[in-house]
Amino acid sequence: MVRVGITGGIGSGKTTVCEIFSQLNIPIYSSDEAAKKLMVNDQKVKADLIEILGSEIYLPDGELNRKEIANQIFNDVEKKLALERIVHIAVFIDSEQWFKNKAAEKFIYAIYESALLFESHMNHLLNKVIVVTAPEALRIQRVVARSNGMLSEKEVQQRIKNQNSDSEKIKLADFVIHNDNSQMLTQQVLQIHKALLTFALN
C-alpha cells in the first residue's frame, strides 16, 4: 500500500482537501487529532508529559489544560522540544499501526495529514507528499474568520512566520495543490488521485 502525506501551512485548506480525498474512499490519518487523543488517553504519554510539565497540565476531568501547556512552553524551548518529541514518537507508533491496518483492509493508498510533516521528518517514511498552498492574505483571512475573533491578523501572521514557508515545502513535494480560488480543488484532487492509483498499480 502506498503511503501519502498531506501538509500545508495554517489556513492553506488542507482539511478541505482531505475531505475531498475522504469522499473518494481514501482513509485519512489526522496527526493533529491523533496527538490530542494520545495526550489524553495514552497512559505512557500522560506520565511522560506530567514528568516534564507537571500534573496541572490536565484538568480535573482528565482533559488537557491547553492554557497551562501554552504558558509553560511559550518561553521554554527545551520544554517545547521535549513535549514535541514525546508526542511525535507516540503519533509515529500509532500511525504505523494504522497504516498496517489499512494495508490489511486492502486500500491502494492511505493519507497521513500533518501541518508539521517536514518538521517532524515523517516525510521520509512516506512514498509521496502533497503540499496544499494558498496566498498569505487569503490564509490570514480564513484563519481570522474561523477563530471567531479569537485571533488577530497580526497573531495569524506570526503563526505563519513560525512555520516553514510554502516555497520550502514545495521543493520537497511530489504534488502541489493551489487553493487560491483560481483552480477547482476537486479537479486538482482527482488528477492527483489518478496519478497515485497509477503509481500504486505499477
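Two strands are said to pair if DSSP finds at least two bridges between them; strands themselves (E, at least two residues) and helices (H or I, at least four residues) are DSSP runs, numbered from the N terminus. In this predicted model, local features need pLDDT of at least 70 and side-chain atom pairs count only at pLDDT 80 or more, while totals for chains, interfaces and linings use all residues. Residues are numbered from 1 along each chain as its sequence is written, and side-chain values use heavy atoms, with hydrogens and water left out.

Strand β3 (residues 109-113) has two parallel partners. Strand β2 (residues 28-30) pairs with β3 over three bridges in the parallel sense, and here Y29 stands opposite Y112. Strand β1 (residues 2-8) also pairs with β3 in the parallel sense, over five bridges; V2 has Y109 as its bridge partner.

Five of the five residues of β3 are buried, that is, under 20% relative accessible area, whereas exposed means over 50% and partly exposed in between (1.4 Å probe, protein chains only). In a regular strand, side chains alternate between the two faces of the sheet. In β3, Y109, I111 and E113 point one way, and A110 and Y112 the other.

Helix α9 (residues 185-201) also has a covered side. Its buried residues are L185, Q188, V189, I192, H193 and L196. Because they cover an arc of only 135 degrees around the axis, they lie on the same side of α9; the arc is that of the directions from the helix axis to the C-beta atoms. The face turned away from this buried side carries the exposed residues Q191, K194 and L201.
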